[in-house]
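Have the sequence and the model open side by side as you read.

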Amino acid sequence: MDRLGPLIDRFYLGDFQGAISDAQSQFSEGLEAFVFRCNLAQNKFKYVKTSIPADSSSVDLRAVRLMAMYLSEENKEAILAQFAELMANPRVLTPESLVIPLYATTLQYENQCEEADRVLNLLGNTNSLEIMLLRVQNYLLLNRPQLALREHGKMRQVNDDAILTQLAEAHTLLYQQQADEALAVYTDIEEKMGSTSVLLTDKAACLMMQKQYAAAMAMLREAVNLSSTNFDAVASLIACSYHNMDAPDFDPNRIEYLKQQLVSEAPYHPLVKKMQAVDAFFAARPAPIE
């Protein structure tokens with residue numbers, strides 16, 4: 001089981017400030033890195049980099065600092081190499097360490113999901129629901145739903161009612177295009193834990209799959225209003241807008257603003273990389289002969 005308990009639930013639901021407040025109220029050695037991880041999720045990259053010494057004796061703090069550097073668009077190859085060096089420390093091969101989750105997430109941003117799979121499975125048959133949830137997410141990125149289902153089954157054996165187990169179920173259902181069932185799971189979580197920007201974004205994905213674009217747009221606007229640094233919500237709002245262009249409140253200038261925000265504040269985001277790939281493709285095409 002995860003030693004962070006409800007704190008990690010709050011983190012994966014996107015309630016970062018709530019997780020920070022709870023962690024600080026019970027502050028103990030080992031929670032400092034978690035708090036900085038929440039700061040990262042709030043887009044406070046510079047604060048994290050300047051607050052953690054580069055030579056910190058804590059491998060977890062160094063890993064958080066490395067991810068802050070990565071998200072700040074610093075030398076990515078050097079950062080990945082430093083992550084690999086951290087992995088040589090035996091202290092990271094425990095479910096309590098943040099190094100494996102952070103390194104695996106960084107590899108996913110680099111579209112190196114096979115390597116992320118190798119890293120996530122270094123812990124073997126762990127009871128860490130966080131590691132198992134990350135495995136489920138990574139298997140879905142690798143288009144291996146059967147492995148995701150098997151891992152979710154293991155999570156149910158550890159704790160069937162856990163929030164992370166429910167999230168894994170919802171992600172898997174959504175991947176399988178079972179939008180109704182996924183929406184029901186997300187709604188159940190929301191009733192237990194309250195609404196967050198992340199949950200609204202996930203629910204909107206279900207509505208988009210059902211082609212309920214107007215309802216999805218309204219939900220995504222609410223998600224962005226709750227957290228302007230939830231870049232998955234911003235990206236989903238951009239994508240959903242193109243299915244809702246006939247709506248009376250469609251604003252192309254607003255969509256262009258959101259695109260620029262995503263490019264400037266979240267250059268690592270998959271949608272940004274897709275837009276850049278499209279731009280590069282058309283830029284490389286020869287000019288038409290007149």
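1. Let's begin at cysteine 206, which counts as buried because its relative accessibility is 0%. Here buried means under 20% relative accessible area, exposed over 50% and partly exposed in between, with a 1.4 Å probe and protein chains only. The sulfur of cysteine 206 lies 13 Å from the closest cysteine sulfur, that of cysteine 240, too far for a bond. A disulfide is taken as a pair of cysteine sulfur atoms within 2.5 Å, and by this rule the count is zero disulfides. Cysteine 113 is also buried, at 6% relative accessibility.

2. A word on the ground rules. This is a predicted model, in which local features need pLDDT of at least 70 and side-chain atom pairs count only at pLDDT 80 or more, while totals for chains, interfaces and linings use all residues. Residues are numbered from 1 along each chain as its sequence is written, and side-chain values use heavy atoms, with hydrogens and water left out.

3. Now to helix α7, residues 99-109. Helices are DSSP runs (H or I, at least four residues), numbered from the N terminus. How many residues of α7 are buried? The count is 10 of the 11, so α7 is largely enclosed by the rest of the structure. Among them are Val99, Pro101, Tyr103 and Gln108. The cover over these buried residues includes α3 (32-41), α5, α6, α8 (113-120) and α9 (129-141). Just after α7, asparagine 111 has a positive phi of about 60°.

4. Next, the neighbour α6. The axes of α6 and α7 come within 11 Å and cross at roughly 150°; axes are lines fitted to C-alpha atoms, for helices over the stretch in contact, and angles run from 0 to 180 degrees between N-to-C directions. That makes α6 roughly antiparallel to α7, a label for angles over 145 degrees. Leu80, Phe83, Ala84 and Leu86 of α6 make the contact (heavy atoms within 4.5 Å) with Val99, Leu102, Tyr103, Thr106 and Leu107 of α7. By class, these residues are eight nonpolar, one polar and no charged.

5. Finally, α6 (residues 76-86) also packs against α5 (residues 59-71), at an angle of about 165° and with the axes 10 Å apart. That makes α5 roughly antiparallel to α6. The α5 residues meeting α6 include Val59, Arg62, Leu66 and Tyr70, and on the α6 side Lys76, Ile79, Gln82, Phe83 and Leu86 take part. This contact of α5 with α6 has nine nonpolar, one polar and two charged residues.

Note on methods. Helix = DSSP H or I, 4+ residues; strand = E, 2+ residues; numbered from the N terminus. Parallel < 35°, antiparallel > 145°, perpendicular 65-115°, else oblique. Nonpolar A, V, L, I, M, F, W, Y, C, P; charged D, E, K, R; others polar.
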